Amino acid sequence: TSPTLIRMLALPGSDEAWGVFLDRYGPLIDDRCRRAGLQPADADDVRAAVCARLVEALRGFRHDPARRFRGYLRRVVDNAIRSHWRTLRRRPGWVGRGGEADCDGDDPGAP
């Protein structure tokens, strides 16, 4: 990962840099979310949380060739996934079973 790209992510108005970042790392984030069993909407929430965390963390970024950014990013993603699951456990009504029936009211088990 280019240190220049990483520094640009922390700058205001860095939409182009975020586009490059998400093109490059979005699939990694999505794969981690899918492996954790998250639905696409939940993966979107995790992706947003990861980006918010990176904005904070990258303000003080110092490039260290001995440390790999991908490893750091995986830790951030995994922590965001764990945080997302903790939130869902605290609000059990937020966890759906998925499927069309839940959306259109045809679920026979619905109240």
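**Exercise 1. Classify Arg 32 by its relative accessible area, then describe its salt bridge and the parts of the chain that the pair ties together.**

Solution. 
1. The relative accessible area of Arg 32 is 26%, so the residue counts as partly exposed. Buried means under 20% relative accessible area, exposed means over 50%, and partly exposed lies in between (1.4 Å probe, protein chains only).
2. The model is predicted, so local features need pLDDT of at least 70 and side-chain atom pairs count only at pLDDT 80 or more, while totals for chains, interfaces and linings use all residues. Residues are numbered from 1 along each chain as its sequence is written, and side-chain values use heavy atoms, with hydrogens and water left out.
3. Asp 78 has a relative accessibility of 21%, and is therefore also partly exposed.
4. A salt bridge joins the side chains of Arg 32 and Asp 78 at 2.6 Å, N to O. The term requires a side-chain nitrogen of Lys or Arg within 4 Å of a carboxyl oxygen of Asp or Glu.
5. Arg 32 belongs to helix 2 and Asp 78 to helix 4, so the pair ties together parts 46 residues apart in sequence. Helices (H or I, at least four residues) and strands (E, at least two) are DSSP runs, numbered from the N terminus.

**Exercise 2. How many salt bridges does the structure hold, and which residues form a network through shared partners?**

Solution. 
1. The structure holds five salt bridges.
2. One of them is the pair of Arg 47 and Asp 30, at 2.4 Å, N to O. Arg 47 sits in helix 3 and Asp 30 in helix 2, so this pair ties together parts 17 residues apart in sequence.
3. Asp 30 is partly exposed, its relative accessibility being 29%.
4. Another salt bridge is that of Arg 34 with Asp 31, whose closest N and O atoms are 2.5 Å apart. Arg 34 and Asp 31 are three residues apart in helix 2, so about one helical turn separates them.
5. Arg 34 is exposed, at 57% relative accessibility.
6. Arg 32 and Asp 78 tie helix 2 to helix 4. The network made by shared partners consists of Asp 30, Asp 44 and Arg 47.

**Exercise 3. How many aromatic pairs are there, and what are the distances and angles of the pairs Trp 18 with Phe 21 and Tyr 25 with Phe 69?**

Solution. 
1. There are five aromatic pairs in the structure. Rings of Phe, Tyr and Trp (its six-membered ring) pair if their centres lie within 6.5 Å; planes under 30 degrees apart count as stacked, over 60 as edge-to-face and the rest as tilted.
2. The ring centres of Trp 18 and Phe 21 are 5.3 Å apart with planes at 80 degrees, so this pair is edge-to-face. Trp 18 and Phe 21 are three residues apart in helix 2, hence about one helical turn, and both are buried.
3. For Tyr 25 and Phe 69 the centres are 5.6 Å apart and the planes stand at 70 degrees, so this pair is edge-to-face. Tyr 25 lies in helix 2 and Phe 69 in helix 4, so the pair ties together parts 44 residues apart in sequence.
4. Tyr 25 and Phe 69 are both buried.
5. Trp 18, Phe 21, Tyr 25, Phe 69 and Tyr 72 make up one aromatic cluster.

**Exercise 4. Which elements give two or more residues to the largest nonpolar core, and which residues does Leu 58 touch beyond its sequence neighbours?**

Solution. 
1. The largest nonpolar core has 25 residues, and Phe 21, Val 50, Leu 58 and Leu 73 have the most contacts inside it. Such a core is a set of buried Ala, Val, Leu, Ile, Met, Phe, Trp, Tyr and Cys residues joined through side-chain atoms within 4.5 Å.
2. The elements are helix 1 (3–9), helix 2 (15–35), helix 3 (40–58) and helix 4 (69–90). Helix 2 gives the most, with seven residues.
3. Outside four places in sequence, Leu 58 is in contact (heavy atoms within 4.5 Å) with Ile 6, Leu 9, Ala 10 and Phe 69.
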